[in-house]
Amino acid sequence: MHDVGTTKTAAPAVSPLAGEPIKRADAERLAGVLKAVADPARLRLLSLIQAAPEGEASVSDLTAPLGLSQPTVSHHLRILTEAGLLEREKRGVWAYYRLVPSAIAALAEPLTPPRKRATRKTR
């Protein structure tokens, strides 16, 4: 299906919105992570896991809310894990997933305009 590679760093060193050109490697890394989240089911998975009482969930916790089969949910979780946005912990026969807060923040960082742009007055 979708190949996003095994990106472990979610953000480039320089924001493409900072007015500086983004390096090719940084653009490729960021594009891989954005590709991983550019799916409605994966965005919902991130929000469901974040909203879970313990901040983690297993595949069985996620299939019903998504209305998807276990293999499909597992596929989406694998892509998000390979992109570095989730971490997986195996406990017995179950695997539990939780967000990697630093990776989520790093994903938002390069897409957030610098403060000086946000505070610029409009005419």
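Here is a short exchange about how the labels on this predicted model follow from their cut-offs.

Reader: What should I keep in mind before reading any values?

Author: It's a predicted model, where local features need pLDDT of at least 70, side-chain atom pairs count only at pLDDT 80 or more, and totals for chains, interfaces and linings use all residues. Residues are numbered from 1 along each chain as its sequence is written, and side-chain values use heavy atoms, with hydrogens and water left out.

Reader: How many helices and strands are there, and what makes a run count as one?

Author: The protein has 6 helices and 3 strands. Helices are DSSP runs of H or I with at least four residues, strands are runs of E with at least two, and both are numbered from the N terminus. Along the sequence the pattern reads α-α-β-α-α-β-β-α-α.

Reader: Why is Thr63 called buried?

Author: Buried means under 20% relative accessible area, exposed means over 50%, and partly exposed is in between (1.4 Å probe, protein chains only). Thr63 comes out at 19% relative accessibility, so it counts as buried. It's a helix H3 residue. Over the protein, buried residues make up 36% of the 123 residues.

Reader: And why is Leu48 called partly exposed?

Author: Leu48 has 24% relative accessibility, so it falls in the partly exposed class. Leu48 belongs to helix H2, residues 40–51.

Reader: What puts the buried residues of H3 on the same side?

Author: The buried ones are Val59, Leu62, Thr63 and Leu66. They cover an arc of only 110° around the axis, so they sit on the same side of H3; the arc is that of the directions from the helix axis to the C-beta atoms. As background, an α-helix has 3.6 residues a turn, so residues three or four places apart point the same way. The cover over the buried residues of H3 includes H2, E1, helix H4 (70–82) and E3.

Reader: How does H3 lie relative to the strands?

Author: H3 (residues 59–66) lies across E1 and E3, at about 85° to E1. Axes are lines fitted to C-alpha atoms, for helices over the stretch in contact, and angles run from 0 to 180 degrees between N-to-C directions. Just after H3, Gly67 has a positive phi of about 70°.

Reader: How do you know that E2 and E3 pair?

Author: Two strands pair if DSSP finds at least two bridges between them. E2 (residues 86–91) and E3 (residues 94–99) have 6 bridges, in the antiparallel sense. Glu89 stands opposite Tyr96 of E3, and Arg88 faces Tyr97 of E3. The two strands form a hairpin with 2 residues between them, and Gly92 in the turn has a positive phi of about 65°.

Reader: What about E1 and E3?

Author: They pair as well, antiparallel over 3 bridges. Ser58 has Tyr96 of E3 as its bridge partner, while Glu56 stands opposite Arg98 of E3.

Reader: Why is one side of E1 and of E2 left without a neighbour?

Author: The 3 strands form an open sheet in the order E1-E3-E2, with antiparallel pairing. E1 (56–58) and E2 stand at the edges with a single partner strand each, so one side of each has no neighbour in the sheet. Neighbouring strands are turned by 30° against each other on average, direction ignored.

Reader: What makes Arg91 sit over the ring of Tyr96?

Author: The label needs NZ of Lys or CZ of Arg within 6 Å of the ring centre and within 35 degrees of the ring normal. The charged end of Arg91 is 4.3 Å from the centre of the Tyr96 ring and counts as sitting over it.

Technical notes: Contact = heavy atoms within 4.5 Å.
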